[in-house]
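Subject: Structure handover

Hello,

I am passing on the structure we spoke about, followed by notes on what was found in it. Please keep it open while reading.

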Amino acid sequence: MQSVKDTTGTVGSGRSAEEKKEEQPGPQPAPPPNPGPSRQQVLPYGIVGEGLKEVTRRVPLDEPPPLPENAKLKSIGKPVSRLDAVEKVTGKARYTFDIQLPGMLWGRRLVSSLPHARIKSIDTSAAERYPGVRAVHILESVLATAKLRDPNAEKGNRYPTIRYAGQPIAAVAADTARAAEAAVRLIKVEYEPLPHVTGLEEAMKENAPRVFPGPTEQPATAGGGGAPPGLPQKGNVRGPDTKPRGMGPRGDIAQGLRDADVVVEAEYRTQVQTHVPMEPHGLVADWRDEGLTLYASTQHLGSVRDEAAELLELPRSKIRVVSDFTGGGFGAKYGIGNYGLLAIHLSRKAKAPVRMVMDRREEHVSGGHRPNSLQRLKLGAKRDGTLTAIQLQAHGSGGVAGGAGVGFCHSTLYECPNVHVEQYDVFTNTGPCAAFRAPGQVQGIFSLEQSVDELAEKLGMDPVALRGKIDVSKTDDALARAHERRLGAERFGWSKRKPAGSDKGPIKRGMGFAQSQWLYLVHPNIACEVRVSGDGSVEAFCATQDIGTGTRTILAQVVAEEFGLRPEEIGSHIGDSRYPAGPASGGSRVTSSLTPAARNAAYRCARELATRLAPLLKANPDDIVFAEGKVMVKGKISSAMPFREAVKKAGIEEISHRAERRDDYEGYAMKMPTIAISRHGIGGVQFAEVAVDTETGIVKVERIVAVHDCGRPINPKLVESQIYGGVIQGVSYALYEERHLDAASGHQLNANVDQYKIVGAREVPTIEVLLLEQLGAQSSTDARGVAEPANVATAAAVANAFYNATGKRIRTLPMTPANVLAALRT
Amino acid sequence: MAPSDDDSDPKPQLPRLSRRAFFQGAGASALTATLAQSVAEAATAAAPAVLGPEPSPLSLSVNGRTVSLQVDPATTLAEVLRNQLGMTGTKVGCDRGACSACTVWLDGEVAASCMTLAYDARGWKVTTIEGLARGDELHPVQRAFVENDALQCGFCTPGMVMSCAALVERNPKCTLEDVKQAVSGHLCRCGTYPNVFKATLAAAKGGGKPKGNS
């Protein structure tokens with residue numbers, strides 16, 4: 001991954017104006033890292049247990065000394081139980097869903113019953129008169145959708161054009177939920193219906209009804225591949241984008257195909273998957289003269305504050321965002337959303353707090369989704385496996401939003417001199433997509449890894465061995481995958497894999513393998529503050545949030561390490577926008593961004609504390625160490641004094657330091673305000689064993705071995721949990737999940753959790769996780785993320801196992817009985 | 001009701017009182033139409049007052065405490081717990097009995113509180129996630145969930161805990177298969193299932209004793 005542009009879409013609609021401006025010029029090379037005084041530092045580099053070596057890098061002068069491997073640490077790298085787990089198992093954890101304020105009103109939205117229409121009139125008078133109703137608001141503009149390039153294209157319209165069934169129109173705030181629901185039904189909307197289209201291929205036709213009357217832009221696209229500004233658009237089809245995340249075409253694709261000894265070509269289809277966080281999108285707005293408080297179920301406090309400030313024209317200082325617990329997000333929870341915008345307006349009008357939470361139907365329909373895809377992929381290779389050509393044409397629909405690109409992995413994962421990717425966004429009259437756990441990459445890997453498998457078979461090579469031949473970029477992720485293939489193959493028993501389709505009975509078993517790849521991202525300029533109080537309390541503060549990954553815990557672990565304390569002894573404070581700016585929980589970048597800042601702040605506090613304790617211990621500050629809850633002079637056990645007692649004796653009021661997330665020591669390939677992209681990635685490989693019932697078409701995933709890397713694991717127990725989650729979501733995507741739309745009405749038929757099938761306890765395979773400890777010598781903690789890579793390879797590994805079981809390729813997801821039986825008939 | 005964790009067990013029946021009151025109150029069903037005139041008259045005379053749509057007094061036993069409320073008949077137990085009693089530990093994930101996030105106990109048996117009318121909980125001992133621990137002493141299943149990281153975002157966790165704790169209390173010798181059965185109606189999007197299995201089996205092994213304040 002050398003030069004890449006951020007369109008991971010981990011920031012949704014909630015970007016500030018200045019960020020949008022900055023993104024317009026497209027990919028910019030990153031400036032040299034960390035200007036200012038520096039020193040040359042020797043750092044450990046490599047995979048622990050596989051022979052660490054040393055590298056020398058330029059680091060800021062006051063950077064803490066490098067950490068050794070986890071085995072030599074006391075708090076970092078240990079399987080500490082989540083600090084907030086007790087709150088979660090006792091029901092005390094308070095989510096946005098649970099916020100109850102004095103005088104709080106219940107908000108309810110009116111959504112469109114038609115998939116495409118102009119609104120001629122809206123009459124809210126009956127709703128306003130309904131008992132208990134305190135405010136009604138009509139949405140002036142719709143968030144989370146592509147924008148017409150020509151701002152005057154729909155100038156004559158009094159209300160936003162309806163482009164999907166379920167699009168919010170207005171909302172009511174009332175004393176009770178029931179009154180709000182009854183009142184919202186009294187709002188009369190007069191529609192002028194327009195022709196609509198919901199299917200991907202139908203929308204691609206030249207005479208298809210147009211979702212937008214002209215070309216569109218969506219710089220803050222939230223669904224994956226995204227699209228640079230100014231792309232051509234014909235009807236509903238925007239593109240081609242030939243540079244997925246800035247990775248341009250290279251070489252001569254025609255020549256590459258001519259040079260090939262073997263060519264594989266196939267068409268792949270993937271479905272629309274909805275996020276289904278257990279806590280739906282929601283926001284409680286409390287508008288007061290002195291300022292606006294927002295309780296938000298969010299993946300980024302900053303995006304909520306900044307979007308509210310921009311749309312309500314308020315200074316950021318007047319807005320406070322609180323998010324103690326977020327009940328899952330998976331990419332869809334950024335910014336304030338239409339529901340939040342409505343809640344804020346209603347609160348302003350009613351002069352009371354307003355709770356607006358989507359119900360399960362609304363969550364499916366307008367909360368976001370992973371776009372579908374139709375991919376035509378052609379690979380060419382020499383007899384020895386060397387790739388000569390990768391050609392991809394991909395279409396996908398994110399509904400009324402763009403961002404269906406899938407071609408990043410085709411452009412970057414494997415060594416190939418000739419690459420040509422064309423990716424198109426197709427607009428349909430369906431809800432907007434949003435970033436979803438490795439946006440674009442899950443779909444892209446599904447096609448790429450099956451095609452590489454197919455190539456291996458044509459070449460008579462073992463699929464794992466072929467990867468070894470072509471996965472040779474000099475990046476940390478490629479290095480990690482080489483070890484992971486070896487470790488995983490051994491643990492999984494890859495050598496026992498039989499030839500494809502060799503089982504005799506109706507139930508056939510098979511083994512498959514696929515590789516993972518994700519970007520190593522950092523949220524730059526975030527900061528953490530650490531305080532030591534006079535009584536010996538240590539606290540850390542950062543305006544980040546926890547969507548389920550254990551952010552509070554890893555923050556405490558890193559701070560505890562510097563003070564020789566236990567993580568439970570650290571006050572770990574997140575979830576409030578009044579703390580120093582924190583990273584977004586998206587793109588696998590919280591741990592990589594937060595922990596170096598936290599360690600640096602803690603290190604500075606500890607060093608200042610040592611200076612203040614030096615007279616008391618009659619020692620040089622440099623000789624004072626913190627370990628096992630004590631302060632002592634290096635080498636003199638007799639000098640040991642309990643930490644709290646020492647701080648009290650030193651007569652300290654408070655020591656406080658704030659540290660920002662500095663650039664990676666090696667710098668970045670790309671740097672933007674909320675995302676910096678390393679030239680290195682995050683790897684991972686997964687092995688799957690499946691059983692296919694060839695009579696019923698039922699597929700069961702029996703076992704997954706997932707081998708992953710995330711730089712230095714801060715808490716292996718939490719990492720393992722996230723990998724379980726990624727694998728389970730991957731199995732769910734591969735086998736079950738699919739949004740079903742009724743083409744005639746544009747309505748989703750399975751907008752609930754009983755008909756939208758997700759993996760449950762019965763369908764969970766046996767999952768074995770192997771984790772590398774990889775030191776990249778890039779920051780003071782060397783931590784990276786894992787949420788997304790854990791989700792990337794699963795569906796492809798399952799599909800390759802399906803082929804090994806049956807001898808037939810399944811190129812359409814999900815692997816429902818109908819799709820399976822169709823594949824078996826080919 | 002949430003799916004029972006053991007299909008062979010009879011599912012908790014709806015309280016007879018409210019069911020009868022419903023039929024008598026409705027008065028137009030085929031059932032009442034077939035009743036002999038005299039019987040119907042006698043029943044009507046002895047019937048409790050027709051409830052709703054306005055709120056009426058309701059008394060419930062929640063976590064060992066008797067609470068008196070004003071509730072209209074369309075209100076669910078989940079709504080009463082969350083909105084009237086402020087006990088927000090019980091979550092509502094789908095509001096149609098499909099995700100089990102709202103699981104509570106009625107006389108120790110699991111039930112979906114979003115599918116249970118508050119009036120149908122009369123005469124039953126309601127136990128919620130808030131009533132599972134004894135003060136600071138966690139239920140063995142809660143403790144095992146913490147130790148085995150059987151939670152991520154935590155939104156489905158209270159419901160999961162209630163079902164797993166009910167299983168362990170009834171069947172301390174439960175197997176992996178039993179645990180899968182117990183949580184088969186629960187939806188977790190983060191993918192905590194493997195650790196939920198591990199935690200519940202660990203709690204059972206440690207001798208999960210009844211501790212709920214019912």
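The domain bounds used here come from an automatic or database domain assignment. Please also note that this is a predicted model.

Domains of chain A

Chain A is divided into two parts: domain 1 covers 96-111 + 117-194 + 280-326 + 333-366, and domain 2 covers 525-662. Taken over C-alpha atoms, the centres of domain 1 of chain A and domain 2 of chain A are 40 Å apart. Their contact involves 14 residues from domain 1 of chain A and 13 residues from domain 2 of chain A. On the domain 1 side, helix H7 (301-312) and strand E16 (319-322) of chain A are the elements that give two or more residues. H7(A) has the largest share of that side, with 4 residues. By class, the domain 1 side holds 4 nonpolar, 7 polar and 3 charged residues.

A sheet in chain A

Six strands of chain A form an open sheet with mixed pairing, in the order E10-E11-E21-E20-E19-E12. Strand E10 (233-234) and strand E12 (262-270) of chain A are at the edges; each has a single partner strand, so one side of each has no neighbour in the sheet. Further in, strand E11 (residues 237-241) and strand E21 (residues 419-426) of chain A run antiparallel and are joined by 3 bridges. In one of these strands, E21(A), A:Val426 is the bridge partner of A:Val237. Helix H11 (residues 441-459) of chain A lies across E12 and strand E19 (373-381) of chain A, and runs at about 150° to E12(A).

Where chain B meets chain A

The contact between the chains takes in 42 residues of chain B and 43 residues of chain A. Helix H5 (140-147), helix H6 (157-170) and helix H8 (193-205) of chain B each supply at least two residues of the chain B side. H5(B) gives the most, with 4 residues. The chain B side has 20 nonpolar, 14 polar and 8 charged residues.

Two helices of chain B

H5(B) and H6(B) also pack against each other, at an angle of about 125° and with their axes 9 Å apart. Angles of 65 to 115 degrees count as roughly perpendicular and those over 145 as roughly antiparallel, so H5(B) is oblique to H6(B). Their crossing is right-handed. From H5(B), the contact uses B:Pro140, B:Val141, B:Gln142 and B:Phe145, and from H6(B) it uses B:Thr157, B:Val161, B:Cys164, B:Ala165 and B:Val168. These residues divide into 7 nonpolar, 2 polar and no charged.

Regards

Definitions and conventions:
Residues are numbered from 1 along each chain as its sequence is written. Chains are lettered from A and ligands numbered from 1 in the order in which they are written. This is a predicted model: local features need pLDDT of at least 70, side-chain atom pairs count only at pLDDT 80 or more; totals for chains, interfaces and linings use all residues. Two residues are in contact if their C-beta atoms, placed from the backbone, lie within 7 Å. Ala, Val, Leu, Ile, Met, Phe, Trp, Tyr, Cys and Pro count as nonpolar, Asp, Glu, Lys and Arg as charged, and the others, Gly among them, as polar. Axes are lines fitted to C-alpha atoms, for helices over the stretch in contact, and angles run from 0 to 180 degrees between N-to-C directions. Angles under 35 degrees count as roughly parallel, over 145 as roughly antiparallel, 65 to 115 as roughly perpendicular and the rest as oblique. A crossing is left-handed if the near helix is turned anticlockwise from the far one by less than a right angle, and right-handed if clockwise. Two strands pair if DSSP finds at least two bridges between them.
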